[in-house]
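This report walks through one protein model for a reader who has not seen it before. Please look over the sequence and the structure before reading on.

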Amino acid sequence: MSPNPPVPSDLPAPAPSAVTPGLVHSFRDELVEGADVIDPATFAGTIPQDRGIAPRVRVGSKWFNLLWLLPIGFVLLIAGVAVAKGLRELPEVQSFMRQFPGMSELPADAPSGFPAWLGWQHFLNLFFMIFIIRSGAQILTDHPRLYWTRHSTPGRDWFRVQKPVPADPLWTAKKDSISLPGQVGLPGLRHSIGLARWWHLGVDTLWLANGIVFYILLFTTGQWMRLVPLHWDVFPNALSVAIQYLSLDWPAESGWSNYNSLQLLTYFVTVFIAAPLALVTGLGMSPALSTRFRRISTVLSIQAARSIHFLVLVWFLLFIIIHVTFVFTTGARNNLNHIFASRNDGSWAGFWIFVLSMAVVVIGWVAATPLTIRHPRMIQRAGSALIGPAQRLFEHIDAKPGQYTEDDISPYLWHNGQYPDSEEYKALFDGNFAGYRLKIDGLVENPVELDLLQLRAMPYHEQITQHFCIQGWSGVAKWGGVSMQAILDLVQPKPGAKWVVFYSLGDGPEKGIYYDAHPLEQMSYELTMLAYDMNGEPLSFGHGAPLRLRNENQLGFKMVKWIKGIEFVDTFDHLGGGFGGYNEDHEFFGYRQSI
Ligand SMILES: Nc1nc2c(c(=O)[nH]1)N[C@H]1C(S)=C(S)[C@@H](COP(=O)(O)O)O[C@H]1N2
Ligand SMILES: [Mo]
């Protein structure tokens, strides 16, 4: 204990903010135990399901409802048909089409026909894509806005499926999330990003493995020659094909031996541009990698990566719709024979294999959401087993996040999480936190209790760093306080200590206090700190007064706000649900989510 414990007038008041503890009392919903099954009625703190709004894109200061694209697209299509039909009457166009009938010649050694592996890979690819797209949509709608800069400033989003950010000072990113129908999203529930991420990242590893095998086989069997444009004449040929389709006089089918040029270009873009771009922009959203590769991430922030990742999704969705339409309108039985049965005869084999495959697809599609809601722990463990090795690999790259400058500080940093509303907290707040004691205990040589004057008397550490919320928003702020290294020097962790657990004065959205465990080695990193100042002012209530954690190697949810105690432990198995933190226990997040 300090010889002179502080009185309220010794301490600076938290930064003025419209958010005060008194305001949050109404927030508390019914408390429930976390369990190995999800009750959609109470999940994530009983936030009611909210469907959001039709997608909108910002043009200047106006928002354009994308549903208008349906009638506009229809009118354009009709007009396009009329124009294409007219064009084909022109002698110049006719001679152009004779010169470029719609197909490039293949090299003499190009293979003909579809090998069996192609059929398998095509099926696995489409099967995996279902879960990837559905869980991806879920992740997107957990922060249903897209931005081009890392600041995530309300009103500066370019795309949203949610109303404008309300003026409510208590508005949190979690309140901003929306739900999806259970058979569209995976698992559909509002703020189910923890589970959606397991699906997305877990199935991604399978999809990537399939893709790598696909690339290898493509290049070892010569099949690549059928997917890569090898001559400039593909462009006039593709134009010719487009005119043929639009004028409703379709080119002859020859997919078994050679795709038409438009088809070739779309396949090429999908296989060699969209798919790798999905991977690159997916990795670009990783805080660990984005802080590691600063040169790239200053231009291509995680928000730009998220936006492009979404545009890749749009490409895939358009591709799927158009591809499937053409498969069924250009000789369905032959096309199904090619890809599902590797044969080019008039038999029904391909059709029946297709029907069986679709039965598997339907079962997988329909079962995924109920399975996730009934066995969330299983999904958490399976996802963690699939993506875990890659995550650990990236951790070894040693992210070493860096700092930003004053100019980079975001005009607005979203609030998130559950505000504390206990009498204990309110009393501390009203007394300027003079009664606040940070308790540090556990596997340490020197357990301590520190009041705020003592904390403020320790060497001052300041940093400007970027915050990454798992939900998708980010922002840069300046944090002032005590470096965790100074705390380590003070308390002297014992050799057995492996994890450092931070406990909050606030509850999580369900029962029990908010807490999170961090690996000890990340505590001595120069940018890991306990912050009592933000952007040059004492930390406000909403951002975690009197004290919050900054561990720049981790996602936002791990940065416990309103800290009351720190415990050094050898394992977190016996704490809470045993998963390493509040969100890990209750919302099925991973305890290592630095990517
Ligand atoms: N005690 C507590 N700490 C918490 C949370 C919470 O709900 N309770 N939410 C976390 C989440 S999800 C994020 S993104 C950050 C948000 O910090 P900010 O509100 O200062 O931006 O706080 C984290 N710390
Ligand atoms: Mo978060």
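What volume does the second largest pocket have? The second largest pocket has a volume of about 980 Å³. A pocket here is an open set of points on a 1 Å grid over the protein atoms alone, with protein on both sides within 12 Å along at least five of seven lines, whereas a cavity is a set of points where a 1.4 Å probe fits but cannot get out; lining residues have an atom within 4 Å of a point. Grid points are joined across faces, edges and corners, and a volume is the space filled by probe spheres set on the points.

The model is predicted: local features need pLDDT of at least 70 and side-chain atom pairs count only at pLDDT 80 or more, while totals for chains, interfaces and linings use all residues. Residues are numbered from 1 along each chain as its sequence is written, chains are lettered from A and ligands numbered from 1 in the order in which they are written, and side-chain values use heavy atoms, with hydrogens and water left out.

**The pocket and the domains**

The second largest pocket is lined by 40 residues, of which His200, Asp204, Gly282, Met285 and His309 are the closest to its centre. Two or more lining residues come from each of helix H4 (116–142), helix H6 (193–221), helix H8 (261–284), helix H11 (302–329) and helix H14 (376–396). Helices (H or I, at least four residues) and strands (E, at least two) are DSSP runs, numbered from the N terminus.

The domain assignment gives domain 1 (56–162 + 170–394) and domain 2 (396–586); such bounds come from an automatic or database domain assignment. Each of the two domains supplies at least three residues to the lining of the second largest pocket. The C-alpha centres of domain 1 and domain 2 are 40 Å apart. In contact across the two domains are 36 residues of domain 1 and 33 residues of domain 2, where contact means heavy atoms within 4.5 Å.

**Cavities**

The structure has 4 cavities of 30 Å³ or more. The largest cavity has a volume of about 380 Å³. It is lined by 28 residues, and Asn416, Gly417, Tyr514, Gly556 and Phe557 are the closest to its centre. The second largest cavity holds about 90 Å³. Its lining includes Leu11, Pro12, Phe433, Arg456 and Pro546.

The table gives the linings by class. Ala, Val, Leu, Ile, Met, Phe, Trp, Tyr, Cys and Pro count as nonpolar, Asp, Glu, Lys and Arg as charged, and the others, Gly among them, as polar.

| Space | Nonpolar | Polar | Charged |
|---|---|---|---|
| Second largest cavity | 10 residues | 1 residue | 1 residue |

**Sheets**

An open sheet of 5 strands has the order E6-E5-E14-E9-E10, with mixed pairing. Strand E6 (448–450) and strand E10 (513–519) are at the edges with a single partner strand each, so one side of each has no neighbour in the sheet. On average, neighbouring strands of this sheet are turned by 15° against each other, direction ignored. Two strands pair if DSSP finds at least two bridges between them. Strand E5 (438–442) and E6 are antiparallel and share 3 bridges, and lysine 439 is opposite glutamate 449 in E6.

Helix H17 (484–491) lies across E5, E6, strand E9 (499–507) and strand E14 (563–569), at about 135° to E6. Axes are lines fitted to C-alpha atoms, for helices over the stretch in contact, and angles run from 0 to 180 degrees between N-to-C directions.

Another open sheet has 4 strands in the order E2-E1-E4-E3, paired antiparallel. Its edge strands, strand E2 (62–65) and strand E3 (145–146), pair on one side only. E3 and strand E4 (159–160) are joined by 2 bridges, with arginine 145 as the bridge partner of arginine 160 in E4.

**Backbone details**

Most residues other than glycine have a negative phi, and most peptide bonds are trans. The bond from leucine 186 to proline 187 is cis, with omega near 5°; proline 187 is in the loop between helix H5 (173–176) and H6. The bond from alanine 545 to proline 546 is also cis, with omega near 10°. Proline 546 is in the loop between strand E12 (537–538) and strand E13 (548–551). Phenylalanine 433 has a positive phi, near 65°, and is in the loop between helix H15 (423–430) and E5.
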